[in-house]
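Have the model open while you read.

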Amino acid sequence: MTPRAALDLPPTTVADPREAPSLRWAVASPGHIATQFTDTLHRATASRVVAVASRSEDRARDFAAGHGVERSFGSLPTMLEAGGFDAVYIASPHSEHHAMARAVLEAGYPVLLEKAFAMDAGQAADLIDLARRRGLFLMEAMWSRFLPRFDVVRQVLAAGTIGELVSLRASHGQHLPFDPSHRLHAPELGGGALLDLGIYPLSFAQMVMGDLVDVLATGTLTPAGVDETVHVLASSRRHPRARAQLETTLAAQATNDAAILGTEGRIVLSDMFFAPGEVLVELHDGRRGTASDPVVEGDGLAYEAAEAARRISAGDLESPLMTWQDTLSVMTAADAVREAVTAAETRNQTPKGETR
Ligand SMILES: NC(=O)c1ccc[n+]([C@@H]2O[C@H](COP(=O)([O-])OP(=O)(O)OC[C@H]3O[C@@H](n4cnc5c(N)ncnc54)[C@H](OP(=O)(O)O)[C@@H]3O)[C@@H](O)[C@H]2O)c1
């Protein structure tokens with residue numbers, strides 16, 4: 001068999017997170033991801049978490065003691081009043097993002113806000129407008145965008161290596177059995193597959209194709225009324241020949257991979273496409289190349305924290321890697337998906353011959 005010719009992929013332009021300026025971070029809502037963010041920050045960047053605010057003084061104190069954080073507060077307002085930090089990372093359930101980010105911006109601090117940025121595009125636009133008026137940095141913590149392998153994907157696409165875009169497929173599903181006490185299953189906390197897991201395929205498609213239009217979606221809801229499984233088809237004006245096909249679910253372990261197909265070849269991100277890993281580019285002429293992120297468990301969050309630290313230190317209001325327009329575009333697509341899923345569900349539940 002003839003060995004395939006090698007294709008040299010561009011080296012990543014993403015700098016080592018350890019080289020980013022050191023910031024003093026405050027963390028609001030110390031749950032699962034805030035724990036990972038704090039530990040990663042301390043292990044893999046020059047920045048420190050110096051303050052934490054929970055809704056409970058005890059939880060804040062325990063978190064501070066367990067993660068080397070100097071000061072703890074029993075509410076966000078008391079932490080904002082005390083000050084002594086450069087920026088605030090918000091890691092609450094989706095339903096709380098808008099009010100908490102508003103409070104932090106009103107207090108005059110830059111914000112790194114967990115994905116999904118808000119419940120809908122209206123809330124997102126309001127926060128962006130406030131950040132613009134106050135002259136403050138605001139960024140969605142869509143950590144995948146800042147990974148070296150996403151940088152390589154952007155470079156390969158910009159170079160036109162795979163030709164004209166024809167198709168994009170991305171999947172994110174986890175088997176998360178129904179648990180009424182978990183935020184994922186709670187409508188009032190912004191639960192559901194779409195905002196938690198589906199936001200990754202949506203954001204990936206938006207990064208590659210631009211604004212998603214002509215959004216078609218179907219899905220199922222859990223008994224509690226949050227979306228359980230969602231399938232999306234979408235187009236974009238920037239790549240009129242291409243279609244995106246996205247899936248997300250809370251009910252099954254999906255393949256969690258992504259592929260971008262072009263007229264000259266394809267880009268494949270296997271194994272949790274949204275996390276650190278490999279990029280494979282295969283061309284129709286037989287050439288093939290790979291690039292890999294350094295994979296250190298949990299350290300993927302260091303890249304977003306480093307980007308925020310660089311931008312805040314430079315006095316920028318947003319990052320070119322996850323612009324305000326990108327966030328608005330993703331949230332607008334998510335709104336269109338939700339609307340289509342709800343409409344389809346209503347049709348399915350309406351007995352034949354009846355109209356609603
Ligand atoms: N980047 C990633 O890889 C990643 C991974 C998972 C989740 N996330 C995102 O991070 C955010 C948080 O997710 P998580 O998994 O860390 O959630 P979590 O473990 O439930 O933690 C969220 C924290 O928010 C606080 N909170 C504030 N208001 C609340 C309310 N009304 N109800 C419940 N908790 C409230 C709670 O802390 P106190 O009660 O102590 O204040 C809670 O511990 C979400 O936006 C999610 O999409 C990102």
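What follows covers the ligand site, then the cavities.

This is a predicted model, so local features need pLDDT of at least 70 and side-chain atom pairs count only at pLDDT 80 or more, while totals for chains, interfaces and linings use all residues. Residues are numbered from 1 along each chain as its sequence is written, and side-chain values use heavy atoms, with hydrogens and water left out.

**Ligand site**

- The ligand takes up the space of the largest pocket (on a 1 Å grid over the protein atoms alone, an open set of points with protein on both sides within 12 Å along at least five of seven lines; a molecule sits there if more than half of its atoms lie within 2 Å of the grid points).
- Around the ligand there are 21 residues, and Ser 54, Arg 55, Arg 59, His 94 and Lys 115 come nearest (being near takes a heavy atom within 4 Å).
- By class, that shell has seven nonpolar, seven polar and seven charged residues (Ala, Val, Leu, Ile, Met, Phe, Trp, Tyr, Cys and Pro count as nonpolar, Asp, Glu, Lys and Arg as charged, and the others, Gly among them, as polar).
- Helices H1 (32–44), H4 (94–106) and H7 each supply at least two shell residues, with H4 giving the most, at three (helices are DSSP runs of H or I with at least four residues, strands are E runs of at least two, and both are numbered from the N terminus).

**Ligand oxygens**

- A polar side-chain atom of His 94 lies 2.8 Å from a ligand oxygen, and a side-chain N or O atom of Tyr 200 is 3.4 Å from an oxygen atom of the ligand.
- Ser 92 uses its backbone instead, with an N or O atom 3.4 Å from a ligand oxygen.

**Largest cavity**

- The structure holds two cavities of 30 Å³ or more (a cavity is a set of grid points where a 1.4 Å probe fits but cannot get out, and lining residues have an atom within 4 Å of a point).
- The largest has a volume of about 40 Å³ (the space filled by probe spheres set on the points, which are joined across faces, edges and corners).
- H7 (193–209), E9 (227–235) and E10 (243–249) each supply at least two of its lining residues, and H7 gives the most, with four.

**Second largest cavity**

- About 30 Å³ of space lies here, and the lining includes Phe 117, Ile 128 and Trp 324.
- Strand E6 (138–141) gives the most to this lining, with three residues.

Methods: Polar contact = N/O pair within 3.5 Å; in protein donor to acceptor, adjacent residues only side chain to side chain.
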